Amino acid sequence: MLHLYDDIDARLALAAHLKQKRKDAKLSRRALAEKSLIPEPTIRRFENTGHISLKNFLLLWMILDDIARFMELTK
(Lines give C-alpha, C1' and ligand atoms only; values in the text may rest on other atoms or scores of the structure.)
Protein backbone atom coordinates (compact mmCIF):
# COMPACT_ATOMS: atom_id res chain seq x y z
CA MET A 1 0.00 0.00 0.00
CA LEU A 2 1.30 3.45 -0.92
CA HIS A 3 1.44 6.05 1.83
CA LEU A 4 1.75 9.73 1.04
CA TYR A 5 3.16 11.79 3.87
CA ASP A 6 3.68 15.51 3.97
CA ASP A 7 5.66 17.82 6.25
CA ILE A 8 2.74 18.10 8.67
CA ASP A 9 2.56 14.31 9.05
CA ALA A 10 6.31 14.17 9.68
CA ARG A 11 6.27 17.00 12.24
CA LEU A 12 3.36 15.47 14.14
CA ALA A 13 4.96 12.01 14.09
CA LEU A 14 8.23 13.38 15.51
CA ALA A 15 6.34 15.36 18.15
CA ALA A 16 4.31 12.29 19.13
CA HIS A 17 7.47 10.21 19.37
CA LEU A 18 9.20 12.65 21.70
CA LYS A 19 6.03 13.20 23.73
CA GLN A 20 5.78 9.45 24.30
CA LYS A 21 9.47 9.31 25.23
CA ARG A 22 8.87 12.12 27.74
CA LYS A 23 5.96 10.23 29.27
CA ASP A 24 7.93 6.97 29.34
CA ALA A 25 10.67 8.82 31.24
CA LYS A 26 7.98 10.11 33.62
CA LEU A 27 8.99 13.71 32.96
CA SER A 28 6.48 16.52 33.15
CA ARG A 29 6.76 19.29 30.60
CA ARG A 30 8.02 21.50 33.41
CA ALA A 31 10.76 19.01 34.34
CA LEU A 32 11.76 18.65 30.69
CA ALA A 33 11.85 22.43 30.35
CA GLU A 34 14.17 22.69 33.35
CA LYS A 35 16.41 19.94 32.02
CA SER A 36 16.55 21.24 28.44
CA LEU A 37 16.35 24.99 29.12
CA ILE A 38 13.55 25.14 26.54
CA PRO A 39 10.51 27.07 27.81
CA GLU A 40 7.55 24.90 28.82
CA PRO A 41 5.16 26.70 26.39
CA THR A 42 7.55 25.86 23.53
CA ILE A 43 7.48 22.18 24.50
CA ARG A 44 3.67 22.27 24.76
CA ARG A 45 3.36 23.92 21.34
CA PHE A 46 5.73 21.36 19.82
CA GLU A 47 3.81 18.42 21.28
CA ASN A 48 0.51 19.83 20.00
CA THR A 49 1.52 21.21 16.60
CA GLY A 50 4.94 19.85 15.71
CA HIS A 51 6.32 23.40 15.41
CA ILE A 52 9.77 23.94 16.93
CA SER A 53 13.17 25.20 15.87
CA LEU A 54 15.70 22.63 14.73
CA LYS A 55 18.01 23.61 17.60
CA ASN A 56 15.31 22.99 20.20
CA PHE A 57 14.18 19.79 18.49
CA LEU A 58 17.70 18.40 18.66
CA LEU A 59 18.05 19.41 22.31
CA LEU A 60 14.85 17.54 23.14
CA TRP A 61 15.92 14.53 21.10
CA MET A 62 19.29 14.37 22.89
CA ILE A 63 17.53 14.32 26.26
CA LEU A 64 14.71 11.94 25.37
CA ASP A 65 16.25 9.60 22.79
CA ASP A 66 19.60 8.47 21.43
CA ILE A 67 21.03 11.13 19.11
CA ALA A 68 23.01 8.41 17.31
CA ARG A 69 19.70 6.94 16.13
CA PHE A 70 18.76 10.32 14.69
CA MET A 71 22.15 10.76 13.04
CA GLU A 72 21.72 7.41 11.28
CA LEU A 73 19.03 9.09 9.17
CA THR A 74 21.70 11.29 7.56
CA LYS A 75 23.68 8.36 6.17
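The model is predicted, so local features need pLDDT of at least 70 and side-chain atom pairs count only at pLDDT 80 or more, while totals for chains, interfaces and linings use all residues. Residues are numbered from 1 along each chain as its sequence is written, and side-chain values use heavy atoms, with hydrogens and water left out.

Let's start with helix 3, residues 40-49 (helices are DSSP runs of H or I, at least four residues, numbered from the N terminus). Thr42, Ile43, Phe46 and Glu47 are buried here, meaning under 20% relative accessible area with a 1.4 Å probe, protein chains only. They span an arc of only 130 degrees around the axis, so they sit on the same side of helix 3 (the arc is taken from the directions from the helix axis to the C-beta atoms). Their cover includes helix 1 (7-24), helix 2 and helix 4. Just after helix 3, glycine 50 takes a positive phi of about 85 degrees.

Now for the largest nonpolar core, which has 13 residues; such a core is a set of buried Ala, Val, Leu, Ile, Met, Phe, Trp, Tyr and Cys residues joined through side-chain atoms within 4.5 Å. Ile43 and Phe46 are among those with the most contacts inside it, and so is Phe57. Helix 4 gives the largest share of this core, four residues. Phenylalanine 57 touches Leu14, Leu18, Phe46, Ile52 and Phe70, leaving aside residues up to four places away in sequence (contact means heavy atoms within 4.5 Å).

Conventions:
Buried < 20%, exposed > 50% of the residue type's maximum accessible area, 1.4 Å probe, protein only. Helix = DSSP H or I, 4+ residues; strand = E, 2+ residues; numbered from the N terminus.
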